[in-house]
Amino acid sequence: MFSRAELELLTIPQLNLLVKRYGLKPTGTGGQKASYITTLMAFPALALQQLEDGRGLKPPTFSGLETMGQILDEMATPTCEQSALLRLSFEGRQMDYPNRYQQERLLALYKAKNHLTEVIDLLRMM
């Protein structure tokens with residue numbers, strides 16, 4: 001990510017800004033360039049090792065994915081009339097009150113289903 005050569009050219013305040021930008025802490029006391037450079041060079045590999053070790057952010061279990069799939073199945077698919085109303089909604093047309101609330105509910109449910117489908121697809125790639 002960062003080369004030692006490019007980091008060596010930076011001053012301690014510049015290195016400090018970089019470390020803070022990424023939410024890291026320098027190794028050691030932080031009074032020397034080496035403390036910052038070590039941190040900035042090592043963190044990408046450490047992050048990937050932590051992923052492999054199952055620490056921090058990790059993928060859901062198979063049963064978790066299965067549960068999400070069941071939720072998706074439970075949501076079913078829109079009827080022809082619901083699909084037509086969704087198309088109309090995507091065109092920016094709104095029903096009069098009090099039906100507008102239900103229209104927005106249908107749209108939110110449709111968007112949630114699409115996002116859940118995306119999430120499941122992304123997680124299956126793991």
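This is a predicted model: local features need pLDDT of at least 70, side-chain atom pairs count only at pLDDT 80 or more; totals for chains, interfaces and linings use all residues.
Local features were considered only at pLDDT of at least 70 and side-chain atom pairs only at pLDDT 80 or more, whereas totals for chains, interfaces and linings use all residues. Residues are numbered from 1 along each chain as its sequence is written, and side-chain values use heavy atoms, with hydrogens and water left out.

Helices are DSSP runs of H or I with at least four residues, numbered from the N terminus. Helix H6 (residues 99-124) contains 26 residues and spans 38 Å from its first C-alpha to its last, close to the 38 Å expected at 1.5 Å a residue; the expected span is 1.5 Å times one less than the number of residues. Its buried residues (under 20% relative accessible area, 1.4 Å probe, protein chains only) are Arg100, Gln103, Leu106, Leu107, Lys113, Leu116 and Ile120. The elements covering these buried residues include helix H4 (62-75) and H5.

The axis of H5 (residues 80-90) comes within 10 Å of that of H6, and the two cross at roughly 95°. H5 is therefore roughly perpendicular to H6, a class that comprises angles of 65 to 115 degrees. Axes are lines fitted to C-alpha atoms over the stretch in contact, and angles run from 0 to 180 degrees between N-to-C directions. Contact (heavy atoms within 4.5 Å) joins Gln82, Leu85, Leu86, Ser89 and Phe90 of H5 to Gln103, Leu106, Leu107, Tyr110 and Lys111 of H6. Six of the residues in this contact are nonpolar, three are polar and one is charged.

Within H5, Phe90 is partly exposed because its relative accessibility is 49%, the class between 20% and 50%. Beyond neighbours within four places in sequence, Phe90 contacts Leu107, Tyr110 and Lys111. The C-alpha atoms of Phe90 and Leu107 are separated by 8.7 Å, although the residues are 17 apart along the chain.

The largest nonpolar core has eight residues: Phe2, Leu7, Leu15, Leu18, Val19, Tyr36, Ile37 and Leu40. Such a core is a set of buried Ala, Val, Leu, Ile, Met, Phe, Trp, Tyr and Cys residues joined through side-chain atoms within 4.5 Å. Helix H2 (12-21) and helix H3 (33-52) each give two or more residues to this core. Apart from it lies another core, of five residues, including Leu65, Leu72, Leu116 and Ile120.

In the segment after H6, Met126 is exposed (over 50%), because its relative accessibility is 64%.

Conventions
Angles under 35 degrees count as roughly parallel, over 145 as roughly antiparallel, 65 to 115 as roughly perpendicular and the rest as oblique. Ala, Val, Leu, Ile, Met, Phe, Trp, Tyr, Cys and Pro count as nonpolar, Asp, Glu, Lys and Arg as charged, and the others, Gly among them, as polar.
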